[in-house]
Structures are given as structure tokens and as C-alpha cells.
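Let's take a walk through a protein model together. Keep the picture beside you and look things up as we go.

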Amino acid sequence: MTTLAYPARDSLTMLRRNVRHMLRYPSLTLMLLGQPIVFLLLFVYVFGGTLGAGLGPDGGRGEYLAFVTPGILVITVASVSLGTAISVAMDATEGIMARFRTMAISRASVLTGHVLGTLIQAVLGLAVILAVAMAAGFRPSAGGGGWLAAAGLLVLFTVALTWLSLALGLVSKSVETASNLPMVLTLLPFLGSGFVPTDSMPAWLRVFADYQPFTPVIDTLRSLLLGTPVDGGGAALAVGWSVVIALVGYVWAKWLFPRRAGR
Amino acid sequence: MRTSTQPAIAVTGLRKSFGDTVVLDGVDLTVEPGTIFSLLGPNGAGKTTTVNILSTLIEADAGTARVAGHDLSRDADAVRRSIGVTGQFSAIDNLLTGRENLLLMADLHHLPGAEGRRRADALLERFDLASVAATTPATYSGGMRRKLDLAMTLVGDPSVIFLDEPTTGLDPRSRRTMWDIIRDLLAEGVTLLLTTQYLEEADQLADRIAVLDHGKLVAEGTADELKRLVPGGHLRLSFADPATLGRAATALGEPAGDEESLTLQVPTDGSAGSLRAVLNRLDDAAVDVASLSVHTPDLDDVFLTLTGHAAAPEPAKEPAP
């Protein structure tokens, strides 16, 4: 028996556990995906006509669908990552996390198992949302490279938000807090370029909207999917924010994990 | 093979505070391999904190500890490989079936698949859980959950097992079952550190008992040695109503009592003279005693004598078995 932990094997074991949870408790996944679908349908079919007219002289519902879909995709990422906070808080409150911590397993594997599980959930969720958007008439014009870059950005942003959510779940004393704390993440796209161009906002709000993490991610994603030129500075900001959020979440979660009193 | 003669658990000067609250105030313990050692004390005595430190969940502020021959602070992973922990709060995965819970443990102990399945099935059989192996614990009784919890602890074949109040909240029958399981484990050569607030449980199971009160060990020994610390047993006097109870308490110098059951416990050396003296004092105060019984020394008396207060600080939520 070697004294080394088995990080990869333990992470896979934890991933299997989390996938089994998702299959056995699909209502959480459905709830997390339901919100972006409702937003998509609401904003396209209820507000879309008016909001589309605001996009420019020949704007309309179809143009608004193209505008809002990248924002909805990012909301999906935020919503799915929220599920991580809930499941990690459930682990912590139910005592199973304390059990894991008394076992000779790779300490990070409990957390990476959650991140990988959420990533799979997010990829599937994004495919569903994209299918709904396309059924509604969304026609992305990205080429192969554009799709690849868009997928890469979404995966990176998912990993970032998931680590942050994980830390928020660990810092929460109860599952209820854990489900509310990251809620702000699903609201940030509204205070950015997710639903309306930021230049339509009052100056004071625009400053926040232009530089908060979601706006560069949404803008870059939009350019990639619609095949319009990508703003290099914006793309760098999107990747930079994602890396910073991922690092903060990772370090914070790793610090919290051994300190979370098992109950 | 556990042939080594070094202690299974050796603790010196263990201290832990949470903020300003001192929870452990210099605890020394030695547990010989293949024995059951019981930490006995009321809620808040520091039992769970001791288990949490020894099972690597939290770090002590001071003191040294070796568990299964490994230093707790220097080689926590080696300690983790040797121990199993069943805490007060069930540490089972409620979304996995009983069998999947055990297989999860087998995977985390890096057992080969076939060996993991063999151990899981053997434990399900042994703990009478085979019939519910394919259902999630949501449908289990408290006793079944506790058994699954303990079974999960055993998958890794630990040599030292921590049981933190393993029978708290169980009905008397499940408690007996758990006691039998614990005795079986001992017969297999495992070392057990058991915390309990039930005196009878420590008396029934433990080879040695340490009495923990406010973070300090106030006594340690076998059940018999502890009982010898108390000269006699006690008289248990019952009264008809609270007023009578109050007058009796005054007459006898406010001994320990229980207002709910209208009883008083008066220490006695068991002689007829001491019995007569108590009754005379009650007679002088014109107090009627509804009933009276004489108890030989038990751990309750030990606790009372050592700490000056009863084992259960508040009226116990569940009566001891």
C-alpha cells in the first residue's frame, strides 16, 4: 500500500457519486435549467419585440433573440454552478463531509469531484438551452474556430463560477443560505450586457456594467457566436476575470474545506 | 496483525479552546490495543471535541497524540488509514442506496472492485441490512441508519474505531443491538474509543472509563475501580408533591434531586444507622416519604461524587437505558 493519495482515482469516485446524485435527484437540475429557459422565452416572446426595436433601426424580435442568447447561456452557467453550492452545503451539514475528512483520501478530490460533476451538468445544460434558442429561431454564424473558442470560454467561466460557488457553499452554515448566497451570480448578467446594451444605461451604472466580470464574457461570447469581430481587450478581460474568479474560489474553498466543522 | 505492545491511543496534555471557551483543558489518555475505552461525561464535557481531534477533523491547540502508532500532527494521513469514525450525526449519503454507500467507501479505500463488493455484501449481511440494501436511507429507521453508518466505518478494516455517542437517540432494542455489535468488534481485536453520556453503557461495554467534566479528566479506571471511589450507594426518596419535596430537600441539606420525578438522592454508606438518621431528620421536619429505595453504588454516584453535579446537567431528553 503506497502512502501517496490517489487524487485522480478519488476525484473520479467523487464524480461518480455526484453524477449519481444528479440522476437520482433530477428536480434540482431541472430547477437550475428551468430558470434560464423561462428567461429566454420571457425575454424573447414577451419583451423581445420592444427590446429588439431598441437595438437599432432594423431591430426586432429575431435580432433580440440573437442578442440575448449569449446572456442566457452565461446565466445557465451561473445557475448550474449554484447547484454546487447547494450540494456541497448538503454534504457539510449531513456529516458525510466529516467522514471524508477522516479518511486517507486526496483532500482536493471531494471538491474537484463536485467541480467536474457541475461541469458535465453545465455542458449538457448549455446544449439544451442552445437547442431551445435554435428552436426559437437563433441562427449562430460562428465558424469552427468560433465555436471552439466559445465552448472554451464557457467551460472556463463555468469552472470559475463553480469554484466560487463551492467556497460559498462551504462558508454557508445551512443549505438554505447556500442556495441564496450565489443567487447574486444569476442577477449580475442583468446589470451588464446580458439583456440590453450597456450604452443604454445611465452613466453611473454603465461604469459598473462595463467592467463587471459578466459583461466581457457575454460580449466576447456574443461576438464569437454571431461571427462579428471579437474585441481583443474585452476577450482578455473575460479570460482574466475567469482566471481570477477561479483562483479566488479555488484557494478559498481549499482553505475552508478542512476548517468546515462537520455537522 | 496487531501484535505491537504500544498503546493504540496515547494522548498527553491535549488542549483546545473555541474563542474564549476552554473545551479541553489538558487531557491525558492511554488506550491499550484490543480494549474498549469509554469517555464518559455530560453534554459539553469535551467528548466530541476529543474525538474530532483524534480523528484528524480539527487540530488541538496544544498537546501530543499518537493514534495506532502514528503522530497525529506529523502523519495525519497514516492515522486516517488506521481509523474509522462513527459520529453522533449520521455520516451517510442520503441519495445513495445502502449498498452504494458501502461501495463508495470501498472505492475511497482503493479496494479492487470485486473485494469492495464482497466486503459491502458481507457487511450488509452482518448488520441485517441486506433486505434494504437497494433502497436509499430515507426509508431507514434510526437504528438502521446507525448500523449503515458503522458498516461504512468498517469497510476500510480500521484497527482503531471512534464511536461518538453511538446509541444516542436509539430505542432500547436498537441500543442493545449496537452493544452486541460493539462487543463483536472487540472480539475481532479492534480498539474502540467510545464516548457516552449513559453511565450504564460505559459500565456494560468499557474495559476502562475516563470521566470527563468541563474539559478535564476527573477520574479514570475500570468500572469497579471507579465504583470503589464512592463509599456507599444512595437512598432514593420519592415524594407526593413538589412542596413536600422542597421541605425534604431543606431538611436534608439540599441533596441532588429531580423535581420532575419528585425524587431526592441522598448519599449513604448503606448502613442501617445512616438510613435511620435520614428518616429521623425527615420525621423531625414532618415530611412524608411516599417511597424509598436503597441503591448500591453505580456510576451515577461516581459522577456525583467526583464532579458535585449529576451526569445529566439538564433533565435528560431521553432516559438512559
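How much space lies in the second largest pocket? About 680 Å³. Before going on, some ground rules: this is a predicted model, where local features need pLDDT of at least 70, side-chain atom pairs count only at pLDDT 80 or more, and totals for chains, interfaces and linings use all residues. Residues are numbered from 1 along each chain as its sequence is written, chains are lettered from A and ligands numbered from 1 in the order in which they are written, and side-chain values use heavy atoms, with hydrogens and water left out.

Back to that pocket. On a 1 Å grid over the protein atoms alone, a pocket is an open set of points with protein on both sides within 12 Å along at least five of seven lines, and a lining residue has an atom within 4 Å of a point. Grid points are joined across faces, edges and corners, and the volume is the space filled by probe spheres set on them. Of the 30 residues lining the second largest pocket, Thr56(B), Leu57(B), Ile58(B), Glu59(B) and Ala60(B) are the closest to its centre. The elements giving two or more residues to this lining are β1 (9-18), α1 (47-54), β4 (62-67) and α2 (76-82) of chain B. (Helices, H or I with at least four residues, and strands, E with at least two, are DSSP runs numbered from the N terminus.)

Some of those strands belong to an open, antiparallel sheet of four, in the order β2-β1-β4-β5 of chain B. Its edges are β2 (21-31) and β5 (70-71) of chain B, each with a single partner strand, so one side of each has no neighbour in the sheet. Strands count as paired if DSSP finds at least two bridges between them. β1(B) and β2(B) run antiparallel and are joined by eight bridges; look for Ser17(B), whose bridge partner in β2(B) is Val22(B). Helix α1(B) lies across β1, β2 and β4 of chain B, at about 115° to β1(B). Here, contact means heavy atoms within 4.5 Å, and angles run from 0 to 180 degrees between the N-to-C directions of axes, which are lines fitted to C-alpha atoms, for helices over the stretch in contact.

Further along chain B, another open sheet of four strands has the order β12-β13-β11-β14, again with antiparallel pairing. β12 (256-258) and β14 (291-295) of chain B are the edge strands, pairing on one side only. Three bridges link β12(B) to β13(B) (residues 263-267), and Asp258(B) stands opposite Thr263(B). Helix α10(B) (residues 272-284) lies across β11 (234-238), β13 and β14 of chain B, at about 30° to β11(B).

Now for chain A. What is the volume of the largest cavity? About 250 Å³. A cavity is a set of grid points where a 1.4 Å probe fits but cannot get out. Closest to its centre, among 22 lining residues, are His21(A), Met22(A), Leu28(A), Gly83(A) and Ser87(A). Helix α4(A) gives the most to this lining, with seven residues.

Finally, see where the chains meet: 29 residues of chain A are in contact with 31 of chain B. Together they bury about 2800 Å², 57% of it on carbon and sulfur atoms. Buried area is the accessible area (1.4 Å probe) that two parts lose on being put together, summed over both. In chain A, Arg24(A), Arg99(A) and Thr102(A) lose the most area to chain B.
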